[in-house]
Amino acid sequence: MGFMIDDSRPIFVQIAEKIEDDIMEERLPEETQVPSTNQFAAYYHINPATAAKGVNLLVDQGILYKKRGIGMFVAEGARTVLMEKRKTEFYEQYVITMIREAEKLGITTDQLTDMIRSGGKL
């Protein structure tokens, strides 16, 4: 379950991202129970309400679902949904930014493609 809490970002967001990472890397397969909010709270020394807020973000997105009296589970198709979400975020955060900077520097599409293919070596 381990990762380091980053003080520069909300803890509940980091909890949600940790669960997402575990789903993406198949440490939490579909239909697997996730740790409880109390387990997250105890492990990371945080308020259970903070942990619950992170878990509930994923419930709201359909990534997790509740089994009454049992706990939270990874929804069927969660990994696929997360993959698409992360691809979109990657495109918006990195690719668009890279293209805009390349344009400022006068780097052509072909040059940029060559840079990517070469692993960033100039």
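Is Tyr-44 buried or exposed? In this predicted model, Tyr-44 is buried, its relative accessible area being 9%. Buried here stands for a relative accessible area under 20%. Phe-40 also counts as buried, at 2% relative accessibility.

**Aromatic rings**

Phe-40 and Tyr-44 both belong to helix α2, which covers residues 37-44. Because they are four residues apart in that helix, about one helical turn separates them. A pair of aromatic rings is described by the distance of the centres and the angle of the planes. The structure has a count of four aromatic pairs. For Phe-40 and Tyr-44, the ring centres are 6.4 Å apart and the planes meet at 15°, so this pair is stacked. Planes under 30 degrees apart count as stacked. Ring pairs also bring Tyr-43 into a cluster with Phe-40 and Tyr-44.

**Lysines over ring faces**

Lys-53 lies over the face of Phe-12, and Lys-67 lies over the face of Phe-73. The table gives the distance from the ring centre for each.

| Lysine | Ring | Distance from the ring centre |
|---|---|---|
| Lys-53 | Phe-12 | 4.2 Å |
| Lys-67 | Phe-73 | 4.3 Å |

Notes
Residues are numbered from 1 along each chain as its sequence is written. This is a predicted model: local features need pLDDT of at least 70, side-chain atom pairs count only at pLDDT 80 or more; totals for chains, interfaces and linings use all residues. Side-chain values use heavy atoms; hydrogens and water are left out. Rings of Phe, Tyr and Trp (its six-membered ring) pair if their centres lie within 6.5 Å; planes under 30 degrees apart count as stacked, over 60 as edge-to-face and the rest as tilted. Helices (H or I, at least four residues) and strands (E, at least two) are DSSP runs, numbered from the N terminus. Buried means under 20% relative accessible area, exposed over 50%, partly exposed in between (1.4 Å probe, protein chains only). A charge sits over a ring if NZ of Lys or CZ of Arg is within 6 Å of the ring centre and within 35 degrees of the ring normal.
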